Amino acid sequence: MRIVLGLGLMLAACSTNAPGQGPNGMNPAVPGSGGGVSDPQVVPNGLPVDLVSPECRAAGAQPGASPIRRLTRYEYDHTVHDLLGDTSQPAKAFTDEEVGLGYTNNADVQTVSDLLAEQYETAAIALATSALTSNRAAFLGCDPSVGGQDACARSFITSFGGKAYRRALDAEETERLFQFYAKSTATYGFDTGVRMTVEAMLQSPHFLYRVEPTLLDGKVQRVNGYAAAARLSYLLWSSMPDDALFQAAQSGGLDTAAGVSEQAQRMLADPKINRAVGKFFSEWLELDTLGRVSRDATMFPAFNNDIKQLMRTETERFTTDVVFSGAGDLNALLLGKYTFMNKPLADFYGVTGPQGDAFERVELDTSKRVGLLTQGSLMAAHANTNQTSPVARGYFVRARFLCTPPPPPPKTLNVTPPEFNPNVSTRERFTLHRKDPVCASCHQMMDPVGLGFENFDAVGRYRTEEAGKPIDASGEFFGTDDINGPFNGAVEMAGKLATSAMTRSCLVKQWFRYGYGRGESEMDACTIDALGRAFTASNGNVRDLLMRLTQTDAFLYRTNETGAAP
Amino acid sequence: MMPFRLNRRTLLRGLGGVAVGLPWLEVMTPHVTRAQAAAGPKRLVLFFTPNGTNDINAFVPTQPGRNYTFGVETAPLQEIRDKLLIVSGLNMESAKADAAEGDLHSVGMSHMLTGIEWVVGKGFDKPGSLDVGFAGGPSIDQYVASKIGKATQFSSLEFGVESVSDYGVHPFSRMISAGYNQPVPPEDDPAAMFKRVFGNGTQQADQQIEQALAQRKSVLDFVQDDFSRLEGKLGAHDKQKLEQHATSVRDLEQRLSRTTNMPGCVVDPKVLTGENPTDKLKFPELGRQQMDILVLALKCDMTRVASLQWSWARSLLAFPWIGVNEGHHNITHQDASPKLSSINAWYAKQLVYLAKALDAEKEADGKSVLDNSVVWWCGETARGYDHDFNNIRGFLVGGAGGQLKQGEHVVMKGEPHNKLLVHLMNLVGVPGDTFGGPFGSGSLAGINVGT
């Protein structure tokens, strides 16, 4: 049976799997590998029974692909911080990640080049050297002069190795590491032997990748406790598990969805949650793009790196505030009536507000600005060097808020945007996109959305006229499920987006892609469906969504894709 | 830092060794082997600039033969005319075959050096989205490096000048590829590149050097064993991913056993001028540094395969230092634009700088490094405004050791650019009749001396 879910764009295949694909042929309504699941009200995807479609309830666990994931630079730096107390952020020197679906953690495009392998080695040497010289006793956790070098090394390998590999080491690999230490120590002495062992561990695939034990026959299985701990910690903290998570993994506390949920709740209350949530917003909203764009300095002399950084801070402060201090929901992100500024940023925007360098909450004039979309960071990141870009802004909304990016122009088309002319408004310059039927078919998806932002110039300042004429910020949505029709200005646009099921569904997909490091597939239809239902039921609450992300088939189960290597 | 001579102890530092400052111990004497005296090594250099031209006649001469006149966008090349071979009339057929499926700058980028169908559906929305597809096979330089690279410290070196796009690393930021869906990043930071290739001149005692090398090899050996033990426990795709990583670790270990072919080669860190590698206003200075390092790396035979990627395909860079304040890509989508001509002429001047710097370095065989090299000025599209893949850029500088005609413009009749890729690899001594996808075989006729 195929069921249609979400946007009507994804054909789900919830019950096309052969019987017995559920774990051990168990009733899929009772997740968990060990018996004794005590919460019959919770079905796969962690939802109350009435929120899961009957098709999905009947289908059994469908985790989708579980590609091996390598630590991103961001995760690497947080991991060595939590593992070694190292604050040098060595991964900042690593080569930039390839971006897939807008996220730097997309497993499908992660590759290791000779350059990166070399950078891993350089970092491992520096980290190991520093760890042994800065606080040797604490790092080793034992005194080799008291109980003997080899005994100390064994205990160090077990404890440090367990943290670095994020699981208990088995006897064979403990012995291998010990033999490596012993051989190295025999030649170079104890400290060097330990250092080399640490270097080896920091370059091991067990450290650099999140290795999960897998069945090679393609059967669906529960992820084991340690893998679940790492899934939790990298999803919610962008880093390795803490002691409590390791403890839970070891004691079977993560073998049930309820146990995972309990840890997730604890983790959501930890300040480290800001790392992951901040990274999500940064990548969803393409804040790094803001840092890279430039403007014609003769036209926008005040738009410099300092202002770009302040704009970024504004968005970071706002999103953090909404999610953790405020209503926490999508409506508040889109329609919040406040923001954060300091004096230099307020001066740049031309509003009165804070009098110092510290960021303060500022109430918005909601006839002009509201929520995320009208913040300088988003407006400035999506504009041309010398003028606004209704196309880029419209594309941004379609791609990141509605998850329906229009295709690029056809090959045969001479795509020649209008030349900048200070005497003609942007709206007038772009009329051809809507007159020529070949252009219009795609551009009506973008331009009329982007034109709704015309009150914001190419660097995100509010304006009421251009080329001596009043701004016309009327816009229109075409080709949506539920918000087609005209609006006037960005504030009204945000209001329409806030009512759309497409926006909610899109934010769920964005979190899926970021949270699981991959694009959704047909096999994920029930996970997406369940997350969407939960998100709607919570009135679009982001904290709730984070918790739900730990309760899906995609999170709790894994399957090994068995397709032949290309 | 003073200029220093290359030897094992300086190089070790560059490879991330443990720095121990010791007094300058000895200066090794340059020695020249008989083979080098007979003929300098052949080298392949790729020189990429983005976004094409809007007027082919402003870029490519209209007259064939020796008595051609440069168009306005390539006029600076007059200075190196007698080292230049212009090959026009080549079509990027493989890109045309794929072109319906995505952003055309990305299409060009993934095809330009590979000539093969790109990757669809790995990490991207769907065919048709802006950023589908890293390359589907090895780029010509990486293929060549896999064949001749073991002769030098680095099998290849990838230089970039602000190569990360405004949107991060997308297919339009990556032209070098190690294989299917394996984009290779260039190093954008000249200081990091210099240190990687040459070290920083710190001296260490022989014993310490050998010890540090032995330790590193021992660690890398253990790590490789870790990889191979794990691979059997993974599914096919994960296994393939880890195999690629393990290959890089193995290559690194092997590199530690190689010594430089040119001990005593003097490098001068003053080529580094300390700019932030992402500062857009320092683009010219960053490029100049990368070119200087590239020249040193070839001169000292640290590698025989190098690439220099200026910005990224579809680049939005402005060029205020030549009075162009508008973004490059936007300009290509304006009709005949003097601003675009200025940008292309500026890039032509950079090619002249590189060529002259390579020509100033003389080798044991009496030729210059340039004479023994072939530098291809390549681009992801021929014409920017409609992303045309016909008549792509084919400017070849140097003669690859006297093999190529120079001072001439040879016109092809729509041959697939795969033939140019074959030709390039043959020029540097890598045999073969085909490269990339099924778009013709053989090399190009009529561009070698005596043909």
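1. Two strands count as paired if DSSP finds at least two bridges between them. Strands themselves are DSSP runs of E with at least two residues, and helices are runs of H or I with at least four residues, both numbered from the N terminus. By these rules, six bridges join β3(B) to β9(B), and the two strands run parallel. N91(B) stands opposite P416(B) in β9(B).

2. The model is predicted: local features need pLDDT of at least 70 and side-chain atom pairs count only at pLDDT 80 or more, while totals for chains, interfaces and linings use all residues. Residues are numbered from 1 along each chain as its sequence is written, and chains are lettered from A and ligands numbered from 1 in the order in which they are written.

3. Chain B has 13 helices and nine strands. Of its 451 residues, 60% are buried (20 or more other C-beta atoms within 10 Å of the residue's own; exposed means 12 or fewer, partly exposed lies in between, and C-beta atoms are placed from the backbone). Two residues are in contact if their C-beta atoms, placed from the backbone, lie within 7 Å. Among contacts in chain B between residues at least 6 apart in sequence, 74% join residues at least 24 apart.

4. Seven strands of chain B form an open, mixed sheet in the order β4-β6-β2-β7-β8-β3-β9. Its edges are β4 (157-161) and β9 (408-416) of chain B, each pairing on one side only. From one strand to the next, the twist averages 20 degrees. Axes here are lines fitted to C-alpha atoms, for helices over the stretch in contact, and angles run from 0 to 180 degrees between N-to-C directions.

5. Within this sheet, β2 (residues 43-48) and β6 (residues 305-310) of chain B run parallel and are joined by five bridges. F47(B) stands opposite L308(B) in β6(B). Helix α6 (residues 140-148) of chain B packs on the sheet and touches β2 and β6 of chain B; the direction of α6 makes about 160 degrees with that of β6(B).

6. Strand β3 (residues 84-91) of chain B is mostly covered, with seven of its eight residues buried. β3(B) also pairs with β8 (residues 395-397) of chain B, in the antiparallel sense over three bridges. L84(B) stands opposite V397(B) in β8(B).

7. The contact takes 67 residues from chain A and 65 residues from chain B. On the chain A side, α3(A) gives the most, with eight residues. The residues of that side divide into 27 nonpolar, 25 polar and 15 charged (Ala, Val, Leu, Ile, Met, Phe, Trp, Tyr, Cys and Pro are nonpolar, Asp, Glu, Lys and Arg charged, and the others, Gly among them, polar).

8. Helix α22 (residues 437-450) of chain A has 14 residues and should span 20 Å at 1.5 Å a residue; its end C-alpha atoms are 19 Å apart, which agrees. The expected span is 1.5 Å times one less than the number of residues. Buried residues in α22(A) include C442(A), H443(A) and M445(A). What covers the buried residues of α22(A) includes α19 (390-401), α21 (432-435) and β12 (474-477) of chain A.

9. E465(A) lies in strand β10 (residues 465-466) of chain A. E465(A) is exposed because 10 other C-beta atoms lie within 10 Å. Not counting residues up to four places away in sequence, E465(A) touches P470(A) and I471(A).
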